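Hello,

Please have a look at the structure below. My notes on it follow.

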Amino acid sequence: MEIIRSNFKDNLNKVYEAIEEADFLAIDGEFSGISDGPSVSTLTNGFDTPEERYQKLKKHSMDFLLFQFGLCSFKSDHTEAKYIMKSFNFYIFPKPFNRSSPDVKFVCQVSGKTGLYVLLLENFSKWFLGNFCSGIPYLNQEEERQLREQYDEKRSQANGAGTLSYISPNATKCPVTIPEDQKKFIERVVEQIEDLIQNEENKSLQLEPCTGSHWDSVLVSHIFCQAIPGIIYLRHYCFQKERYIVISKVDEEERKKREQQKQAKEQEELSDAVGFSRVIHAIANSGKLVVGHNMLLDVMHTIHQFYCPLPEVSGLVSLQLLDTKLMASTQPFKEIINNTSLAELEKRLKKIPFNPPEVESAEGFPSYDTASEQLHEAGYDAYITGLCFISMANYLGSFLSPPKDHVSARSKLIEPFFNKLFLMRVMDIPYLNLEGPDLQPKRDHVLHVTFPKEWKTSDLYQLFSAFGNILVSWIDDTSAFVSLSQPEQVQIAVNTSRYAESYRIQTYAEYVEKKHEEKQAKRKWTEDSWKEMERKRLKTQYTPYIPQSRFTATSTMGKRSMSPIQEETGSDDIEEREIQDTELDETDCCAESVPEGRKRAKKFKKVKEQDPTGKSNVSECSFLSFLYLEPP
């Protein structure tokens, strides 16, 4: 269902109902760009830590807009062994609500197949009319709070609260002195109001149109009206760039009625301004499992744009998320799924050993045809993401005894995948963990190399030619990580660079330690500088004072304590779709080595062979040990 500004309110209850009745929700977002500075390859270095990757995306990706949001609800129909689906495709674009509304920048990255430029070329009229002309507005929580305060302040002044002094609406919160050249104008307005009150036949008065400084002056007449509550009611409006004030003489009952109508209108305007954010609030409050594919950017943009400024990783979400790309990249799926891009994954899950789910669109909702491949439409991508999740979840049920054809979104079998978001192109850390410590591999085979800006990748390969196969991951123009095939070679490489003038080599551990020391030194310098400034300030005031630091020097480096794992280097997985979310030719990685995975598979096979009936005696809980991801 296509949702734009004009039909958003009419269909909002349908959205709420779909969220409430769903077993799980699938989402997808389309963005106006990925990186505002570094190239995508630099933005996704192969040896980023999860924290570093998150901070990079937070710094370089959040100025772009999420301008289309796909939401699909899936409800299980147990009687007919099928799912009922409701799909929504929201077109979103910011709209200034008043003069004090935030001035949102619209930034578009034209390069690459995920750039908005390409999408406009494919179907200009649909995208232009859907997003720019008819996009649903939104406010985050802070913007909503500020707007509510503006309404409350206006209402308080209209009701005569506080002292009878003119408060300018233009951010100044002190009484305004009426200029000399406006006093005659105000006197004339006051005389007109007095005549209106004394004349029983006249019920209303429309003041002459005013512009410029007259507007502020006319509002001063409101003071006069506040002095006689229950008699005067003001209404102001604009017409053809001129401003008017209509003053009505009403009784107390009529005045209250008009105030109630005005407040109802203000509340409606506020709800319209909050707009699409109401859908995000409903999803967050539902407690339902939210499924996405390669969904780190989707989650970050959704929180940043519709909820609040991005927090630290540990406070990123308070609901259950599941990333189907991570799920497909791990055991028991890894060895039978070669390409985890969304389009290719959907095709693979239609074949043996998987069973594609039966899904029907609810009455009144359009259906999607996967044969048409409407990729980069958020609603369609959310739909096939949901299909992929159902197929993989049901496949896990085939290992149980007795086997289950249907595995629900609340099954313990899928709990190991909760709140772990796939990390693109990271060699040995497959996911960002939102609920606990991240994986912390040794990386004792990795070197950090600094060199002249003129160097190219071929120069690094030449430098390390004696060490066999290497892998280069660029950090910036003058530094890179180099991965050697054997950890024993690391110290040899470091020793050979001691007398080099044009380049420097250090171990990964030395690089991390130095980076940590620099971070601590910067924090200490900032704290000491603030204390010194505070000391000088207090010295000039001749008052004793003990400064308290605003900053803490606690380090986050000790956060990750999970045992290191070995990661296979993997094969390059060139993907077609992937980067609306990331737009990369990527290397799929997982944290379990091939030999170890085969051992687990053989062990599980023996367990199944022990049962003469051919059925496995593995329970749902014990089967968790065969999954790549251990429960949190």
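A nonpolar core here is a set of buried Ala, Val, Leu, Ile, Met, Phe, Trp, Tyr and Cys residues joined through side-chain atoms within 4.5 Å. Buried means under 20% relative accessible area, with a 1.4 Å probe and protein chains only. This is a predicted model, in which local features need pLDDT of at least 70 and side-chain atom pairs count only at pLDDT 80 or more, while totals for chains, interfaces and linings use all residues. Residues are numbered from 1 along each chain as its sequence is written, and side-chain values use heavy atoms, with hydrogens and water left out.

The largest nonpolar core has 58 residues, and F69, L71, F88, F90, F276 and V279 have the most contacts inside it. Its largest share, 6 residues, comes from helix 11 (residues 296-306); helices are DSSP runs of H or I with at least four residues, strands are runs of E with at least two, and both are numbered from the N terminus. A second, separate core of 39 residues includes F74, C388, M392 and L396.

Helix 11 is largely enclosed by the rest of the structure, because 10 of its 11 residues are buried. Among them are L296, D298, H301 and F306.

S87 lies in strand 4 (residues 82-91) and is buried, with a relative accessible area of 1%. Leaving aside neighbours within four places in sequence, S87 is in contact (heavy atoms within 4.5 Å) with M1, L71, C72, F365, Y368 and G379.

Regards

Terms used. Buried means under 20% relative accessible area, exposed over 50%, partly exposed in between (1.4 Å probe, protein chains only).
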